Amino acid sequence: MTRRTVIAVSSCLLGTPCRYDGGSKPVEWVQALADECVLLPICPEMLAGMGVPRPPIEHHRRHGSWRVETPTGEDKMRHLAAASQKILHWCTSVGAAGALLKERSPSCGVNTIHADGALVKGRGVTANRLVRAGIPSFSEEQREQFLSWLGARTATSEPKEQPND
Ligand code: SF4
């Protein structure tokens, strides 16, 4: 029996109302992946105990190091780093092959995040943890790249037909 590929997915992309404002960001093609993959829903900010609703957070560079601050200046970096480490542990425990994460989030953004009031190139705290651990990570805006990666992975992991089959 072929083992289905496990993919960690930002929970809000699957329709879970876990965003700071109580909303979600469901994406149809991401939800449809459940037909062929095992999806591992993750929400770093919920895991960090920030609750719903919660103040929005954003990266700020202060005295040479990055903080992830609420509008009142409370730094959530330590909580998010701990949550990201737990998520990495879950991913390695279940053998997650990759991650599909919400772009522009301070936790999940893969290519862009908001920092110091602007949209900049960069990774959210959890995306950065997963990428640095070698887990291929894509955003919901990288549909083609993700599907191409998944297809190539599936092709190489499928058992080869034997001559006498
Ligand atoms: S982007 Fe990430 S942290 Fe934000 S709500 Fe979605 S899953 Fe949670």
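Which residues in H3 meet which residues in H4? The legends below take up this and other close-up views of a predicted model. Local features need pLDDT of at least 70 and side-chain atom pairs count only at pLDDT 80 or more, while totals for chains, interfaces and linings use all residues. Residues are numbered from 1 along each chain as its sequence is written.

**View A. Contact of helices H3 and H4.** From H3, Met77, Leu80, Ala81, Ser84, Gln85, Ile87, Leu88 and Cys91 meet Val125, Thr126, Arg129 and Leu130 of H4; contact here is two C-beta atoms, placed from the backbone, within 7 Å. By class, this contact has eight nonpolar, three polar and one charged residues. Ala, Val, Leu, Ile, Met, Phe, Trp, Tyr, Cys and Pro count as nonpolar, Asp, Glu, Lys and Arg as charged, and the others, Gly among them, as polar. Helices (H or I, at least four residues) and strands (E, at least two) are DSSP runs, numbered from the N terminus.

**View B. Packing geometry of H3 and H4.** Helix H3 (residues 77-94) packs on helix H4 (residues 125-132) at an angle of about 40 degrees, and their axes are 9 Å apart. That makes H3 oblique to H4; angles under 35 degrees count as roughly parallel, over 145 as roughly antiparallel, 65 to 115 as roughly perpendicular and the rest as oblique. Axes are lines fitted to C-alpha atoms, for helices over the stretch in contact, and angles run from 0 to 180 degrees between N-to-C directions.

**View C. The open parallel sheet.** Four strands, in the order E2-E1-E5-E8, form an open sheet with parallel pairing; two strands pair if DSSP finds at least two bridges between them. Strand E2 (38-42) and strand E8 (137-139) are the edge strands, and each pairs on one side only. From one strand to the next, the twist averages 25 degrees. Five bridges join strand E1 (residues 6-10) to E2, and isoleucine 7 stands opposite leucine 39 in E2.

**View D. The hairpin of E3 and E4.** E3 and E4 pair in the antiparallel sense over five bridges, with arginine 62 opposite serine 65 in E4. The hairpin has two residues between the strands, and histidine 63 takes a positive phi near 50 degrees.

**View E. A cis peptide bond.** Valine 52 and proline 53 are joined by a cis peptide bond, with omega about -5 degrees. Proline 53 lies in the loop between helix H2 (44-47) and strand E3 (58-62). Most peptide bonds are trans.

**View F. The ligand shell.** Around the ligand are Ser10, Ser11, Cys12, Cys18, Arg19, Cys43, Pro44, Glu45, Lys102, Ser105, Ser107 and Cys108; the criterion is a C-beta atom, placed from the backbone, within 6 Å. By class, the shell has five nonpolar, four polar and three charged residues.
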